[in-house]
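Here are my notes on the model, for someone opening it for the first time. Please read them with the structure in view.

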Amino acid sequence: MSAGPYNYSYIFKYIIIGDMGVGKSCLLHQFTEKKFMADCPHTIGVEFGTRIIEVSGQKIKLQIWDTAGQERFRAVTRSYYRGAAGALMVYDITRRSTYNHLSSWLTDTRNLTNPSTVIFLIGNKCDLEGQRDVTYEEASKFAEENGLMFVEASAKTGDNVEEAFLETAKKIYQSIQDGRLDLNAAESGVQHKPSQPGRNNLTNDQQTNKDNCAC
Amino acid sequence: MSGILSETVEPSDLKKFEKIYHEQLYKNDVTPKAQFEYAWCLVRSKYSSDIQKGIILLEDLYKTHEEGQRDYLYYLAIGTARLKEYTKALNYVRSFLLIEPGNQQVISLQQTIKKKMEKEGLVGMAMAGGVVLAVGAIVGVGMAIASKVKS
């Protein structure tokens with residue numbers, strides 16, 4: 001039981017958003033399973049994934065909501081933005097239209113999350129250099145102008161996937177350390193669990209069980 | 001903040017989509033979109049009566065609107081699993097995988113449901129065990145009292 005599920009002190013909620021077919025689910029799969037899903041059908045509604053990571057010696061559980069990109073799901077997937085500590089906003093570097101829609105995704109994110117939510121822009125499919133339709137410089141400038149973190153990644157090769165998820169967590173953790181993120185606010189997207197190894201406390205045990213069946 | 005079978009809909013969201021659905025129902029012109037959005041919220045409610053209603057709406061869509069069948073099957077599986085009707089839920093999952101074998105999202109839902117069944121099976125047994133112990137204790141006390149009264 002040493003690797004029990006409450007070997008972490010924080011839970012961060014993430015959302016992954018962006019046009020359909022940009023590779024949101026593949027990024028999630030690469031991050032949680034370290035594998036590339038070659039034949040990835042359109043996501044239905046939302047998908048969920050978790051992984052425990054470590055930032056500055058603290059174990060953090062990421063609870064990631066991967067939203068469907070198809071328009072017909074958009075009305076309901078919007079409700080998953082609420083209380084996200086991190087938002088990964090994805091476009092496809094080989095399809096300009098997915099880049100052009102970023103401002104609409106960004107508006108949604110800003111309207112539906114809180115000011116401390118960390119927004120990370122990911123230009124996916126950077127392995128397809130020959131088909132590039134959006135330059136690195138252009139996207140990088142967009143990110144800078146809008147105060148977003150930015151990286152080009154490939155869910156296929158795994159390049160920069162880990163970095164995007166981890167850098168987002170580092171930034172959130174930094175906000176907690178600086179006191180910019182109020183842990184008591186219901187919509188902070190962060191839960192603090194004082195680490196409690198062993199079975200000292202009944203309430204904590206129950207909490208753990210609940211987490212266990214959740215994923 | 002938890003998994004696909006335990007997260008719940010915000011009451012305000014449920015209300016919002018309920019209103020749209022009812023407005024259309026009043027005009028006798030319900031679009032599959034409005035019905036699906038309302039059902040999707042209902043099956044994520046914390047009340048089982050809502051979930052049941054969501055399932056009825058999804059079953060209706062499944063029969064009448066071919067285009068979105070994979071969505072309806074998926075949320076029927078989630079709704080029934082949330083009502084702990086696991087056999088039904090797994091049947092929906094199986095029907096889905098017949099059409100789209102290897103769909104990672106649905107396979108992962110299947111695993112989540114199976115894990116939950118296992119877990120609750122054990123919890124159920126533990127609870128039954130507890131009841132036996134408690135009944136035993138009551139009977140024991142009763143017998144002790146009875147023997148005391150006799151003597």
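1. Start with a loop in chain B. Asn28(B) sits in the loop between α1 (11–26) and α2 (32–42) of chain B. Helices here are DSSP runs of H or I with at least four residues, strands are E runs of at least two, and both are numbered from the N terminus. Asn28(B) is not a glycine, yet its phi is positive, about 60 degrees. Most residues other than glycine have a negative phi. Asn28(B) is exposed, with 6 other C-beta atoms within 10 Å. The cut-offs: buried takes 20 or more other C-beta atoms within 10 Å, exposed 12 or fewer, and partly exposed lies in between, with C-beta atoms placed from the backbone.

2. A word on the source. This is a predicted model, in which local features need pLDDT of at least 70, side-chain atom pairs count only at pLDDT 80 or more, and totals for chains, interfaces and linings use all residues. Residues are numbered from 1 along each chain as its sequence is written, while chains are lettered from A and ligands numbered from 1 in the order in which they are written.

3. Lys125(A) is not a glycine either, and its phi is positive at about 70 degrees. Lys125(A) is placed in the loop between β5 (118–124) and α5 (136–145) of chain A. Is Lys125(A) buried or exposed? Lys125(A) is buried, with 25 other C-beta atoms within 10 Å.

4. Now chain B as a whole. Chain B has 6 helices and 0 strands. Of its 151 residues, 31% count as buried. Take the contacts in chain B with a separation of 6 or more: residues 24 or more positions apart account for 45% of them. A contact means that two C-beta atoms, placed from the backbone, lie within 7 Å.

5. Look next at α2(B). This helix is mostly covered, with 9 of its 11 residues buried. Among the buried ones are Phe36(B), Tyr38(B), Trp40(B) and Leu42(B). Gln35(B) and Glu37(B) are also buried. The cover includes α2 of chain A, together with α1, α3 and α4 of chain B.

6. Then the pair α3(B) and α4(B). Helix α3 (residues 48–64) of chain B packs on α4(B) at an angle of about 155 degrees, with the axes 9 Å apart. That makes the two roughly antiparallel. Axes are lines fitted to C-alpha atoms, for helices over the stretch in contact, and angles run from 0 to 180 degrees between N-to-C directions. Angles under 35 degrees count as roughly parallel, over 145 as roughly antiparallel, 65 to 115 as roughly perpendicular and the rest as oblique. Residues of α3(B) in the contact include Ile51(B), Leu58(B) and Tyr62(B), and those of α4(B) include Tyr72(B), Leu76(B) and Arg82(B). By class, this contact has 9 nonpolar, 4 polar and 2 charged residues. Nonpolar covers Ala, Val, Leu, Ile, Met, Phe, Trp, Tyr, Cys and Pro; charged covers Asp, Glu, Lys and Arg; the others, Gly among them, are polar.

7. α4(B) also meets α5(B). The axes of α4 (residues 69–82) and α5 (residues 86–99) of chain B come within 7 Å and cross at roughly 160 degrees. α4(B) and α5(B) are therefore roughly antiparallel to each other. The contact includes Leu73(B) and Ala77(B) of α4(B), and Tyr92(B) and Phe96(B) of α5(B). Its residues divide into 10 nonpolar, 2 polar and 2 charged.

8. Where do the chains meet? 21 residues of chain A are in contact with 20 residues of chain B. On the chain A side, α7(A) gives the most, with 3 residues. That side has 10 nonpolar, 6 polar and 5 charged residues.

9. Last, the core. The largest nonpolar core has 91 residues, and those touching the most other members are Phe12(A), Tyr14(A), Leu27(A), Met89(A), Ile122(A) and Ala77(B). α4(B) gives the most to this core, with 8 residues. Such a core is a set of buried Ala, Val, Leu, Ile, Met, Phe, Trp, Tyr and Cys residues joined through C-beta atoms within 7 Å. Leaving aside neighbours within four places in sequence, Tyr14(A) has contacts that include Leu62(A), Trp65(A) and Thr168(A).
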